[in-house]
Amino acid sequence: MAGSLLRYRVLAYATGVWLLVLTAEMVAKYVFGVDNLPTWIAIVHGWVYFVYLILTLDLAVKVRWPAGRTVGTLLAGTVPFLSFFVEHWRTQQVKRDFGV
């Protein structure tokens, strides 16, 4: 359980960081009209988010989260800054419920 929680936490932070980088890229591109931005930022965020989904599902199955909590946690990686808050809330809940 502790290993799954740690993997989830690492990927939640990584997803949050890459989502912020992607958001900054989109703002620079569409608001400020910057043309020569790297094209790989969205790809990296997509792969990091994909791994986040897998590891979040792994943790959700182990701690037996209800479907709503699982889906909410999975979607937290799509809203800037939200993954940081949800990671904190879920970590506290798992630590409290399972003594990890």
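Let's start at threonine 73, which sits in helix H3 of this predicted model. Is threonine 73 buried or exposed? Its relative accessible area is 0%, and buried means under 20%, so threonine 73 counts as buried.

What does threonine 73 touch in there? Setting aside its neighbours within four places in sequence, threonine 73 is in contact with Tyr8, Tyr52, Thr56, Trp65, Val86 and Arg90. With arginine 90 there is a polar contact too, side chain to side chain, at 2.8 Å.

Two of those partners, Tyr52 and Thr56, lead us to the packing of H3 against H2. Helix H2 covers residues 40-63 and helix H3 residues 67-75; their axes come within 10 Å and cross at roughly 155°. Angles over 145 degrees count as roughly antiparallel, so that is how H2 runs relative to H3. The crossing is right-handed. On the H2 side, the contact uses Tyr49, Tyr52, Leu53, Thr56, Leu57 and Ala60, while H3 brings Thr70, Thr73, Leu74 and Leu75. Sorted by class, that makes seven nonpolar residues, three polar and no charged.

Now follow Tyr8, Val86 and Arg90 to another helix pair, H1 with H4. Helix H1 (residues 2-30) packs on helix H4 (residues 82-98) at an angle of about 170°, and the axes are 9 Å apart. That angle makes H1 roughly antiparallel to H4. H1 contributes Leu5, Tyr8, Arg9, Ala12, Tyr13, Gly16, Val17 and Leu20, and H4 contributes Ser83, Phe84, Val86, Glu87, Arg90, Thr91, Val94 and Lys95. Here the tally is nine nonpolar, three polar and four charged residues. Arg90, part of this H1 and H4 contact, is also the residue whose side chain makes the polar contact with threonine 73.

Conventions
Residues numbered from 1 in each chain as written. Predicted model: local features only at pLDDT ≥ 70, side-chain atom pairs only at ≥ 80, totals over all residues. Heavy atoms only, no water. Axes fitted to C-alpha atoms, helices over the stretch in contact; angles between N-to-C directions. Helix = DSSP H or I, 4+ residues; strand = E, 2+ residues; numbered from the N terminus. Parallel < 35°, antiparallel > 145°, perpendicular 65-115°, else oblique. Contact = heavy atoms within 4.5 Å. Nonpolar A, V, L, I, M, F, W, Y, C, P; charged D, E, K, R; others polar. Left-handed = near helix turned anticlockwise from the far one by under 90°. Buried < 20%, exposed > 50% of the residue type's maximum accessible area, 1.4 Å probe, protein only. Polar contact = N/O pair within 3.5 Å; in protein donor to acceptor, adjacent residues only side chain to side chain.
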